[in-house]
Amino acid sequence: MKEVSSFLIVIVMLAICQSALAQGKITGLVKDSVGNPVKGATIKVKNKKIFTTSGEDGGFSIAASPGEALQVSSVGYEPVEVVAGNGAVMISLKGKATSLDDVVVIGYGTQRKKDLTGAVSTVNMADARKYTTNDMSQLLQGRAAGVAVNSDGQPGAVPSVRIRGFSTFGGFQPFYVVDGVPGAGIRDLSPNDIESMTVLKDASAAAIYGAAAANGVVIVTTRTGRKNTPMKLTYNGYYGVDKIWQKQKVTDRVQYQTLNNESRVNAGKTPFPANDPTNPGYVSNINTDWQKEGMKTGIRQNHNVSMSGGGPNSTYNFALDYYDQKGTFVGNGPDYKRYTARINTSAEKGILKVGEFFNYTHSHENTLTFRDDILLGGIPPMIGSLVVAIPTMPVRDSTLLNGFGGSNSEFNGANSLNAIGINSILVNWVDVDRTFGNAYAELKLINGGGHHLRFKTSVSYDKTVTRDYTWQPPFFLGKFFSKPDAELYDNSRVFTNASIENTLNYDKIFGKHSVEVLVGQSYRYGSFVERDAHAKGFTAPYYPVINSGATNSSKGWQTENALESYFGRVNYSYDDRYLLSASLRRDGSSRFAPSNQYGYFPAASVGWKLSNEKFWHVPVNIVSSLKLRGSYGKLGNQEIGDYQFQGTINPGVVYTFAGNFYTGALQTLVASPDIKWETKTISNAGFDATLLNGRLDFSAEYYYAKSTDVLVGITIPASTGFENLNPTINAATLRNSGLEFTVAWHQHKGEFTYDISANLSTVSNKVLRLGGSDAPIYGVGAKTAIGQEVGQHFGYVYDGLFKDQADINSHATQFGGLALKPGDVKYKDISGPNGKPDGVIDAYDRTYLGSGIPKFNYGLSISAGYKRFDLAISASGSAKFLINSRMYRDLHHSAGALNYSTDMMNRWTPTHTNTDIPRLNDDDANNMQDSNRPGWLQNGTYLRINTLSLGYTLRDNLIKGIASARVYATVQNLYSFQGYKGYNPDFTSGVFNPGFDFGSYPKPRTMLIGVQVSF
């Protein structure tokens, strides 16, 4: 046996030796493009787990055989693959283009990132597209410093995008440019079609767009085909589910009845019949969990097919996209569905290049109804109505019209809206058909001797037709929420925008000098038509069209506007060290009177590539490049309604003279003939650095922006008789300033790569002027005044709860001598008519309570790859601001009969005084005042994990006919680290109420799987 074992060992050893002899060793040398040895390069045998690294002299030895492929990589160099021969392998690595070599799309052209002198941010679309959304502006969230994106969780909702704070009182959304077409809306574009997104933030970068650029510019380029490329067919698709993971903690039937009865008794009243155990109408068999009943699992899916390619002188790209999102609210919405078809081609012949793109979109959106004419004014958005609904109201009641339950104040105590019922009864949708196209021609007039002169003309047309449809059959959801007659609202809106632009571009490099000159002309036309039709008096069986109503009415109007512009820009570089850019734009707007129509918007910026100076001796492995830059310029804003410089006359006014009737005319709208351009002046200083052999990129900048002649509505007395009591004038002056930081780390080691990028921005806002008498502007629990920021929280200062009657007697009188009791809120006496405490709590005691504007916005993105696996994580958030939540306050009421938060079980009672929640009192007029009592202003700081995506790429040609394939799983809106007790701390809000959450719809957590296949 021993001999057999020895024999086997010998055989195995011989086999190993034979294998080693057969495999052998491959030696070689790794150098860079100029012949210097590359130390530490990774050499791997393809498809085997055999690695080695190059030594000090670039030499290496690896166990491999002739004919095997070697994969060579090193930080800062492009990876290569070579086939080993019989001799030594000589490998040359080409320096890898850093992010500074990336070409960035700017206004009317492109520029290398390392040559930029303005404040420009780019979005990594490869990672951004892993976030599924109906609106591509959400892809900016957390991915660009200085850009804040707020959004609602409803399908089809339009996000709010602000660049560098609150700089105007009018329209604040950035100006979008799609494939060079100015003013193009992006809501109807598919994120699958987007190639790149660039954000222009300062005047130097954005002033070339002049009048439109006051709120920043977002440049979008879409995917195109490539020359000399065979046809490529690609399919991208995913399917996922949406779940509302946040729930408001509200009371059940027993808790609710306990609290409401206590509130009634404390006010000296009897309990309502539905809540009184001694009443025959006492409700004991209904305990509705409205959030459980009203929220369902949503579904979203997207399918995109594209075909692209090109020949020696042409390119083409065709794409079809289908997006469908079924929402999470029970009933007729919210849902959103969109179909998109996109075509773009280009062709060249000699000096001529022509091209076009065409985009058609049809979308159907079922929206949550919020109409005062149907549901009465003052109620919260429907998600709020669902949360505050009383648990003693049934979801369904077969004895009532429509079969849904209702309530009334006499029996239940509350006129509580059955949100499930109304969302199932009403038919409410918006159809949008949008046609968007552009055609261009470009001539290379000079292309030789280092001179390049190009002329380009571009014509675009953008038409959107919208139909707004609301069908309201008779319904009864309680006495307060009922309509006996059927009504139909069938309205249409038509938006038309057209533009023509002509540009002449010249560039030349001579010696150490580089010059690029751009001059151009632009004309934009826009019109808006609205037609409203209303009918009522329908009879069953219903046929909901306008002519079926017993009575109908209609109205409509139309407005037009135009913008004429001329612009020019010069970019200059000397010796790749000193950079200069200067631009000027002249805009003429029809929205201003002829004497004020034209505005001039200049800008200039400089850059100094310090690391290219001869005296710079810092090793490149420490500081690869360093650039200082600064800019100054002016931008304009004309985002107001049309014709406001003109008064409106009603020619059909009847007058009586001496008993006779005469028809005359009367001016009904006051004119603002002197309104002119709103101007925003921006100074910007910063630097860009690449460190550690290209592994680390870092940028920092400071900006100071001052908006003057801000267009704002000033209140005039109603006694003037005009219909518009807030005519627009140039009145306010605003200031914004802040810091922005962006950092990125790139690592490539063998088959493991990762990139981490983060950004942080600050904003400081201040109102310097409001115009007229400089009277403050009040919002909901907010005040905008000189010396403060826009929409700062405003109210009374909380001073605890009254302990006993002695505490009440020794305190200031509150609100005209209310009959206070222990457990009521105590407010501080801080002022009076003479500016000093006066023993009375009234309007003089209100003060500023904190900011509703985040002081910090931040984002984080991580992408990593190992072999065929890839991982992407993105997060974003804001900090240092306070939120005033209507939903929270509605659930913490002291008086009334809506549902309560479970926190109210901890309210003050004579036997439970260790609390900060006041007593219940159905006649309360004290505790609900705007103030900073606990919970009334909540810390809004949050960090949301927006995307967690894991993918796997199959081996090329694994399946015959498929060139590449990737499968992936994604979780979206995974979790939000927040102290805020509402749904979304990044809700959308009004200008004068930035910190007031009126009732934002919760963002669902999305779990989806998808596939990307190329043929």
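Q: Which backbone oxygen lies 3.1 Å from a polar atom of the side chain of Gln-246?
A: Before we look, keep in mind that this is a predicted model. The backbone oxygen in question belongs to Tyr-983, and it lies 3.1 Å from a polar atom of the Gln-246 side chain.

Q: Where is Gln-246 placed, and with which residues is it in contact, leaving aside neighbours within four places in sequence?
A: Gln-246 sits in the loop between strand S17 (229-243) and helix H4 (253-266). Leaving aside neighbours within four places in sequence, Gln-246 is in contact with Gln-978, Gly-982, Tyr-983 and Asn-984.

Q: Does Gln-246 count as buried or exposed?
A: The general idea is a cut-off, since buried means under 20% relative accessible area. Gln-246 has 10% relative accessibility, and therefore it counts as buried.

Q: What does a residue in a strand look like when read in this way, for instance Ser-949?
A: Ser-949 is placed in strand S51 (residues 942-953), and because its relative accessible area is 1%, Ser-949 is buried. The side chain of Ser-949 makes a polar contact with the side chain of Thr-970, at 2.9 Å. If residues up to four places away in sequence are not counted, Ser-949 touches several residues, including Lys-130, Asp-870, Arg-966 and Thr-970.

Q: Which residues form a nonpolar patch on the surface?
A: The patch is formed by Leu-233, Val-305, Leu-320 and Phe-1015, which together have about 340 Å² of accessible area. One of these residues, Phe-1015, is found in the segment after strand S54 (1005-1014), and Phe-1015 counts as partly exposed because its relative accessibility is 44%.

Q: Why can charged side chains pair, and how many salt bridges does a search of the whole structure find?
A: Side chains of opposite charge can pair when their charged atoms come close. In this structure, a search of the whole finds 41 salt bridges.

Q: What is the N to O distance in the salt bridge of Glu-81 and Lys-46, and where do the two residues sit?
A: The side chains of Glu-81 and Lys-46 meet in a salt bridge at 3.4 Å, N to O. This pair links distant parts of the chain, with Glu-81 in strand S6 (residues 80-83) and Lys-46 in the loop between strand S2 (42-45) and strand S3 (51-53), 35 residues apart. Glu-81 counts as partly exposed because its relative accessibility is 46%, and Lys-46 is partly exposed too, with a relative accessible area of 34%.

Q: With which residue does Arg-164 form a salt bridge?
A: Arg-164 forms a salt bridge with Glu-701, and the closest N and O atoms are 3.6 Å apart. Here the pair links parts of the chain 537 residues apart, for Arg-164 is in the loop between strand S12 (160-163) and strand S13 (175-178), while Glu-701 is in strand S35 (residues 696-713). Arg-164 is buried, with a relative accessible area of 5%, and Glu-701 is buried, with a relative accessible area of 8%.

Q: Are Arg-434 and Asp-462, whose side chains meet in a salt bridge, buried or exposed?
A: Arg-434 is buried, and so is Asp-462. Their side chains meet at 2.7 Å, N to O, with Arg-434 in strand S22 (residues 427-448) and Asp-462 in strand S23 (residues 451-472), 28 residues apart.

Q: Which residues do salt bridges that share partners join into one network?
A: Such salt bridges join Arg-164, Lys-201, Lys-627, Arg-629, Asp-688, Glu-701 and Glu-740 into one network.

Terms used: Residues numbered from 1 in each chain as written. Predicted model: local features only at pLDDT ≥ 70, side-chain atom pairs only at ≥ 80, totals over all residues. Heavy atoms only, no water. Buried < 20%, exposed > 50% of the residue type's maximum accessible area, 1.4 Å probe, protein only. Contact = heavy atoms within 4.5 Å. Polar contact = N/O pair within 3.5 Å; in protein donor to acceptor, adjacent residues only side chain to side chain. Patch = residues over 30% accessible without salt bridge, like charges linked within 9 Å, V, L, I, M, F, W, Y side chains within 5 Å. Areas by Shrake-Rupley, 256 points an atom, 1.4 Å probe, with all protein chains shown as cover. Salt bridge = Lys/Arg side-chain N within 4 Å of Asp/Glu carboxyl O.
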